[in-house]
Amino acid sequence: MIEVLAPLPVLLPLLGAAGALLVSGHPSFQRTLSTTVLTAVLAVSVVLLFVADAEGASSVSVGGWPVPLGIVLVVDRLSALMLVVASTVALGVLVFAVGQGAADGSEETPLSIFHPTFLVLVAGVSNAFLAGDLFNLYVGFEILLMASYVLLTLGGTAARIRGGITYIVVSLTSSLVFLAAIGLVYAATGTVNMAQLAVRLGELPEGTQVLLQSMLLIAFGIKAAVFPLSAWLPDSYPTAPAPVTAVFAGLLTKVGVYAIIRTQTLLFPGGALDDLLLWAALATMVVGILGAVAQSDLRRMLSFTLVSHIGYMVFGIALGTAAGLAGAVFYVAHHIAIQTTLFLVAGLVERQGGTTNVDRLGGLARRSPLLAVLFFVPAMNLAGIPPLSGFIGKLGLLQAGVAVGSAESLALVAGGVVTSLLTLLAVARVWTRAFWRSPNQSPAEDTAGAAAADATLRRRPGPPDGAGAFDGAESADGPARTALQDAWRRHTAVATASEPDLPPAAGAVRALRPLPRTMVGATAALVVLTVALTGLAGPLYGLADRAATDLLDRTPYVSSVFGEGEVP
């Protein structure tokens with residue numbers, strides 16, 4: 001069964017992307033095809049997870065080539081769990097994007113481009129999770145990165161192009177480092193098969209091992225946004241359309257975390273750089289959450305919390321114990337769902353209020369109680385409020401740190417607690433300002449802010465119809481000036497949402513468009529999933545425990561590739 005099913009999470013999205021290109025002139029066919037393909041990928045992933053948990057790790061040699069010459073796909077508890085969570089959120093994001101495209105006439109997510117590119121992205125993510133050798137892992141990264149370049153710049157606005165350039169430069173840098181590391185690994189060992197490297201790397205001099213490990217960690221640290229390699233993320237992610245930002249936040253950094261878990265446990269189990277990773281985890285948590293607290297834009301705040309909570313995962317990896325790894329695996333699964341959901345909610349907030357700047361929002365709870373619930377539940381989960389899954393994951397990591405008892409691990413425990421409290425502060429500020437504050441209480445009404453907004457808006461190019469926007473606004477006063485301001489804000493509401501440096505506009509931003517049922521339904525389904533993670537926390541944590549045991553043992557992985565008792 002594994003021989004048939006293992007390639008499908010990669011093969012089905014690629015075939016679906018080809019089919020979506022063939023029917024690019026028929027949006028309804030594209031939507032149906034993409035949704036069907038991702039549903040099938042989810043079903044296959046669930047079967048693979050049950051098989052891997054019941055029977056242990058197994059592998060498939062693609063094309064029948066002998067190991068280690070050919071491409072090997074390995075399905076174990078960790079990779080299967082990542083496939084299930086990734087395909088679930090990808091399906092939810094796709095449904096959200098379909099609803100947004102139907103409501104907006106594909107302004108934000110052009111259907112002929114979006115669907116095949118999105119499916120290619122999913123194929124790259126699946127290939128990275130299943131890759132049994134370093135070069136195939138590199139190929140998986142490049143597939144998803146090439147697709148992400150297209151998705152990030154959809155719409156072609158200046159902010160998106162600017163963010164896309166930053167993302168591309170950083171991604172190419174990490175890819176070059178990764179490729180150089182692969183070349184050095186092959187030169188030193190004669191193989192890139194990870195099961196074989198698990199044996200051969202231990203025979204190298206310690207200095208060579210540290211060099212190779214450092215290069216791989218730098219490459220994966222950039223992709224995972226580990227401090228100090230994380231500065232690119234808050235400037236890149238918030239500029240993309242809501243569904244694109246959501247899938248980026250949920251999946252792309254987690255592929256980097258997965259690669260760190262796999263290489264640290266399988267290839268470099270000695271823990272030579274664990275202390276360095278611990279301090280990197282602490283810096284990632286603290287610097288990221290301080291950045292989040294300082295933000296007034298919801299998307300940028302979520303981008304900084306994304307960076308911050310990567311630190312929790314690296315913390316569990318760096319501990320190097322079964323408890324630490326189990327906590328990290330559980331937290332990765334939890335965070336994929338939570339972060340994706342919150343970015344989709346941010347898209348709904350932008351649609352309802354015309355902006356994601358909390359200083360320009362107010363009264364959303366009154367206007368849309370359902371939207372308030374959709375934000376509140378995952379926000380509290382992100383902050384780690386008991387008994388939600390975020391609390392369970394953080395508690396497991398903190399207990400693992402206390403059990404180790406070193407000065408570094410205890411410092412991480414303290415940092416984790418502080419980060420959790422500051423996360424609560426960051427989301428509570430959004431909750432009180434955007435949802436409960438009366439629009440008339442907006443600080444955007446102060447005179448200086450209004451004057452700065454007027455000056456900025458007057459410098460903007462006129463609207464497409466050549467009406468001149470604020471031409472002559474200086475000479476207008478009273479009702480005429482207010483009418484001009486309101487008309488121009490309605491025209492620029494979506495554009496200004498991606499410009500957090502824009503001064504707040506005078507007066508409250510009105511609700512511009514109703515929330516389409518498909519977008520709300522997809523977001524609500526993911527919110528239900530985040531709650532279900534709490535109800536299923538026991539079985540899920542048990543699975544994470546078993547995955548951590550396999551990771552530390554390494555024997556199940558190596559045996560699944562080369563056979564029981566064989567020495568590669």
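**Basis of the values**

Residue numbers start at 1 in each chain and follow the sequence as written. The model is predicted, so local features need pLDDT of at least 70 and side-chain atom pairs count only at pLDDT 80 or more, while totals for chains, interfaces and linings use all residues, and side-chain values use heavy atoms, without hydrogens and water.

**Overall picture**

The mean pLDDT (the predictor's confidence in each residue, from 0 to 100) is 83 for the protein, and 84% of its residues reach 70 or more. Over residues 442-512 pLDDT stays under 50. For that stretch the model has 95 contacts (heavy atoms within 4.5 Å) beyond four places in sequence.

The protein has 23 helices and two strands. Both are DSSP runs numbered from the N terminus: helices are H or I with at least four residues, strands are E with at least two. Of the 568 residues, 59% count as buried. Buried means under 20% relative accessible area, exposed means over 50%, and partly exposed lies in between, with a 1.4 Å probe and protein chains only. The accessible surface (Shrake-Rupley method, 1.4 Å probe; for residues, only the protein chains shown count as cover) comes to about 20300 Å². Carbon and sulfur atoms account for 67% of that surface. Among contacts between residues at least 6 apart in sequence, 80% join residues at least 24 apart.

A cis peptide bond joins Phe227 to Pro228, with omega of about 10°. Pro228 is exposed, its relative accessible area being 61%. The C-alpha atoms of Pro228 and Ala280 are separated by 7.7 Å, although these residues lie 52 residues apart along the chain.

Ala225 belongs to the loop between helix 9 and helix 10. Ala225 is not a glycine, yet its phi is positive, at about 65°. With 0% relative accessibility, Ala225 counts as buried. Ser230 is also placed in the loop between helix 9 and helix 10, and its relative accessible area of 7% makes it buried. Leaving out residues up to four places away in sequence, Ser230 touches Ala225 and Val307.

| Bond | Omega |
|---|---|
| Phe227 and Pro228 | about 10° |
| Pro386 and Pro387 | about 0° |

Pro387 is in the loop between helix 16 (369-383) and helix 17 (389-404).

**Other positive phi values**

Arg554, a residue other than glycine, has a positive phi near 70°. Its place is the loop between helix 22 (537-553) and helix 23 (555-562). Arg554 counts as partly exposed, at 22% relative accessibility. Gly190, which follows helix 7, has a positive phi near 80°.

**Helix 7 and a helix pair**

Helix 7 covers residues 158-189, and at 1.5 Å a residue its 32 residues should span 46 Å. The expected span is 1.5 Å times one less than the number of residues. The end C-alpha atoms of helix 7 are 46 Å apart, which agrees.

Two packed helices are described by the angle between their axes and the distance between the axes. The axes of helix 4 (residues 77-104) and helix 14 (residues 322-353) come within 9 Å and cross at roughly 5°. Axes here are lines fitted to C-alpha atoms, for helices over the stretch in contact, with angles from 0 to 180 degrees between N-to-C directions. Helix 4 and helix 14 are therefore roughly parallel to each other, a label for angles under 35 degrees. Residues making the contact include Leu78, Leu81, Met82 and Val85 of helix 4, and Val329, Val332, Ala333 and Ile336 of helix 14.

**Two buried helix residues**

Ser389 lies in helix 17 and is buried, with a relative accessible area of 0%. Beyond four places in sequence, Ser389 touches Phe330, His334, Asn381, Thr530, Leu533 and Thr534.

Phe315 lies in helix 13 (residues 298-319) and counts as buried at 1% relative accessibility. Not counting residues up to four places away in sequence, Phe315 touches Leu278, Ala281, Leu397, Leu398, Gly401, Ser409, Leu412 and Val413. From C-alpha to C-alpha, Phe315 and Ala400 are 9.7 Å apart in space and 85 residues apart in sequence.

Key:
Parallel < 35°, antiparallel > 145°, perpendicular 65-115°, else oblique.
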